[in-house]
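Try each task before you read its solution.

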Amino acid sequence: MNWLEALILGLVQGLTEYLPISSSGHLTICSHLFGIGGSENLTFNIVVHVATVLSTLVVLWKEIDWIVRGVLKWQVNDETKYLLNIVVSMIPVGIVGVFFKDNVEAIFGSGLLVVGFMLLLTALLLAFAYYAKPKAKPHIGCRDAFIIGIAQACAVMPGLSRSGSTIATGLLLGNKKENLAKFSFLMVIPPILGEAMLDTLKYIGDAPSTGAIAVPVLMVGFVAAFLSGCLACKWMINIVRQGKLIYFAIYCAVAGAVVVVSSLL
């Protein structure tokens, strides 16, 4: 992997982690186009996922600070209830990530054909959410948090957008647009860190056969993913508030169709 490839892949990861168009799907497509795979892919994925987590912490620092201050009061309040909802949302993805992720990849694979079909499914979810008439619930409850967590767990499939699945599910459940984007991005922090940790353990286990990427190249990818992640996170919060998800549904439908057709030909 050279620095230009790392720059492009870093930008792709940072933008698509928050925009509802699937970071895993786009990284798979770009890696295929660049001919990058194996240990290089694994190493780079760990670095850029950590970068996107840091971008979330920067953009949503006020919300994180609000939660931490409230929890440290050691009493039941809005902040502790919010944190509880995040913990509840993590249960499905934690179970799938620890016990079933490898099985899912073994059964369905991670090729371009799977990515194409999952992009089409993402488009369908976003379209349903766009035309749904939300009830505008004042708060995201534990039940909805768990269901949104199930949607996030399903996004282990490459090409199925994590943010698209969680935000679309929340809208279909009748939650307010302004509450969903921030909750979706905050709930994704622990799973991304957990995934990076599991990948790190996998990398260590395969260390004798892994290839190395130069540190400057990794840094280019890290910085690109961090900066583009900050931009995309802010942008996506405003997009959800304005209800413009249909444009991403169209994009995913076109991209998915192109990938499916090119894979079958």
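This is a predicted model: local features need pLDDT of at least 70, side-chain atom pairs count only at pLDDT 80 or more; totals for chains, interfaces and linings use all residues.

Residues are numbered from 1 along each chain as its sequence is written, and side-chain values use heavy atoms, with hydrogens and water left out.

**Exercise 1. Work out the fold pattern.**

Step 1: count the elements, taking helices (H or I, at least four residues) and strands (E, at least two) as DSSP runs numbered from the N terminus. You get 12 helices and 0 strands.

Step 2: check the contacts (heavy atoms within 4.5 Å). Among those with a separation of 6 or more, 83% join residues 24 or more positions apart.

**Exercise 2. Find the nonpolar cores.**

Step 1: collect buried Ala, Val, Leu, Ile, Met, Phe, Trp, Tyr and Cys residues joined through side-chain atoms within 4.5 Å; such a set is a nonpolar core. The largest one has 44 residues, and those with the most contacts inside it are Leu 19, Phe 185, Leu 186, Met 236 and Leu 245.

Step 2: ask which helix contributes the most. That's H11 (residues 215-242), with 7 residues.

Step 3: look for another core. A second, separate one has 15 residues, including Ala 6, Cys 30, Phe 44 and Ile 213.

Step 4: zoom in on Leu 186. Skipping residues up to four places away in sequence, Leu 186 touches Leu 60, Glu 63, Ile 64, Ile 67, Tyr 82 and Ile 86.

**Exercise 3. Is Thr 52 buried or exposed, and what does Thr 52 touch?**

Step 1: Thr 52 lies in helix H3 (residues 38-59).

Step 2: check accessibility. Thr 52 has a relative accessible area of 0%, so this residue counts as buried.

Step 3: list the neighbours. Beyond four places in sequence, Thr 52 is in contact with Gln 13, Gly 14, Glu 17, Tyr 18, Ile 192 and Ala 225.

Step 4: A polar atom of the Thr 52 side chain lies 2.7 Å from the backbone oxygen of His 49.

**Exercise 4. Characterise the cavity.**

Step 1: search on a 1 Å grid over the protein atoms alone, where a cavity is a set of points where a 1.4 Å probe fits but cannot get out. The whole structure has 1 cavity of 30 Å³ or more.

Step 2: get the volume, meaning the space filled by probe spheres set on the points, which are joined across faces, edges and corners. The largest cavity comes to about 40 Å³.

Step 3: read off the lining (residues with an atom within 4 Å of a point). Glu 17, Tyr 18, Arg 162, Ser 163, Ser 184, Phe 185 and Val 188 line the largest cavity.

Step 4: assign the helices. H1 (3-18), H8 (162-172) and H9 each give two or more residues to this lining.

Methods: Buried means under 20% relative accessible area, exposed over 50%, partly exposed in between (1.4 Å probe, protein chains only). On a 1 Å grid over the protein atoms alone, a cavity is a set of points where a 1.4 Å probe fits but cannot get out, and a pocket is an open set with protein on both sides within 12 Å along at least five of seven lines; lining residues have an atom within 4 Å of a point. A polar contact is a pair of N or O atoms within 3.5 Å; within protein, one must be able to donate a hydrogen and the other to accept it, and residues adjacent in sequence count only if both atoms are side-chain atoms.
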